[in-house]
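Morning, everyone. Please put the structure up on the screen, and I will walk you through it.

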Amino acid sequence: MRRDGTSATGALFVVAASLLLLAQGCGGDGGSAGTSTAAPEGAAAATGSVTLVWSAPATNTDGTPVADLAGYNIYYGASPGDYTAFRDAGNVTSYTLDGLNSGAKYFFAVTAYNEAGYESDYSNEVSASVP
């Protein structure tokens with residue numbers, strides 16, 4: 001699928017299969033890149049952060065090597081599988097997501113996208129409660 005919602009043709013990335021929650025705490029330096037929508041409704045003031053780490057995909061779904069990886073999107077929200085916000089992390093495999101609401105629980109998944117704007121399926125989901 002393209003990031004604009006249109007159908008994709010050709011090879012797509014194999015999902016970055018091992019999204020990990022590395023650390024959580026206050027502060028952070030990763031929140032300035034990309035786009036973010038509003039935090040979950042009813043959550044406290046935004047003061048927390050989490051750091052996510054994932055593995056880069058090595059192959060496309062057709063088995064060919066990934067040659068045009070452009071970056072990753074981090075999707076998150078207050079319910080499992082219901083991602084109401086995202087950030088473009090750029091072409092890195094760890095990212096500190098700041099500006100999260102203290103006391104709120106979030107669910108996260110990552111996608112990879114290529115230079116043409118085609119995006120993988122979601123990685124496995126992880127969750128964290130922000131202190």
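Which element of the chain has the lowest mean pLDDT, and which the highest? Strand β1, residues 20-26, has the lowest, with a mean of 51. Strand β4 has the highest, at 96. Keep in mind that this is a predicted model.

Now the chain as a whole. The average pLDDT is 76. Of the residues, 66% score at least 70. Over residues 4-11 the pLDDT is below 50. That stretch has ten contacts in the model beyond near neighbours in sequence. Then come residues 23-40, where pLDDT again stays under 50. Here the model has 52 contacts beyond four places in sequence. How should we treat such regions? Where pLDDT is low, the predicted coordinates should not be read in detail. So I leave them there.

On to the sheet. Four strands make an open sheet, and the order is β4-β3-β6-β7. The pairing is antiparallel. The edges are β4 and β7, each of which pairs on one side only. On average, neighbouring strands are turned by 30 degrees against each other, ignoring direction.

Let's go across it, pair by pair. Start with β3 and β4, which are joined antiparallel over five bridges. One example is Tyr72, whose bridge partner in β4 is Gly90. Next, β3 and β6. These two run antiparallel and share eight bridges. Ile74 stands opposite Val110 in β6. Leu69 has Asn114 of β6 as its bridge partner. Last, β6 and β7, antiparallel again, with four bridges. There, Phe107 stands opposite Ser127 of β7.

How buried are β3 and β6? In β3, eight of the nine residues are buried, so the rest of the structure largely encloses this strand. In β6, nine of the ten residues are buried, so β6 is largely enclosed too.

In soluble globular proteins, nonpolar side chains tend to be buried together. The largest nonpolar core here has 20 residues. Which members touch the most others? They are Trp54, Ile74, Leu97, Leu100 and Phe108.

Now for charges. Side chains of opposite charge can pair when their charged atoms come close. How many salt bridges does the count give? One. The side chains of Arg87 and Asp98 form it, at 3.7 Å from N to O. Arg87 lies in strand β4 and Asp98 in strand β5, so the pair ties together parts eleven residues apart in sequence. Are these two residues buried or exposed? Arg87 is buried, with a relative accessible area of 7%. Asp98 is buried as well, at 19%, because the cut-off is under 20%.

To recap. A largest nonpolar core of 20 residues. One salt bridge, by this count. And pLDDT under 50 over residues 23-40. Thanks, everyone.

Technical notes:
Residues are numbered from 1 along each chain as its sequence is written. This is a predicted model: local features need pLDDT of at least 70, side-chain atom pairs count only at pLDDT 80 or more; totals for chains, interfaces and linings use all residues. Side-chain values use heavy atoms; hydrogens and water are left out. A nonpolar core is a set of buried Ala, Val, Leu, Ile, Met, Phe, Trp, Tyr and Cys residues joined through side-chain atoms within 4.5 Å. Buried means under 20% relative accessible area, exposed over 50%, partly exposed in between (1.4 Å probe, protein chains only). A salt bridge is a side-chain nitrogen of Lys or Arg within 4 Å of a carboxyl oxygen of Asp or Glu. Two strands pair if DSSP finds at least two bridges between them. Axes are lines fitted to C-alpha atoms, for helices over the stretch in contact, and angles run from 0 to 180 degrees between N-to-C directions. pLDDT is the predictor's confidence in each residue, from 0 to 100. Contact means heavy atoms within 4.5 Å.
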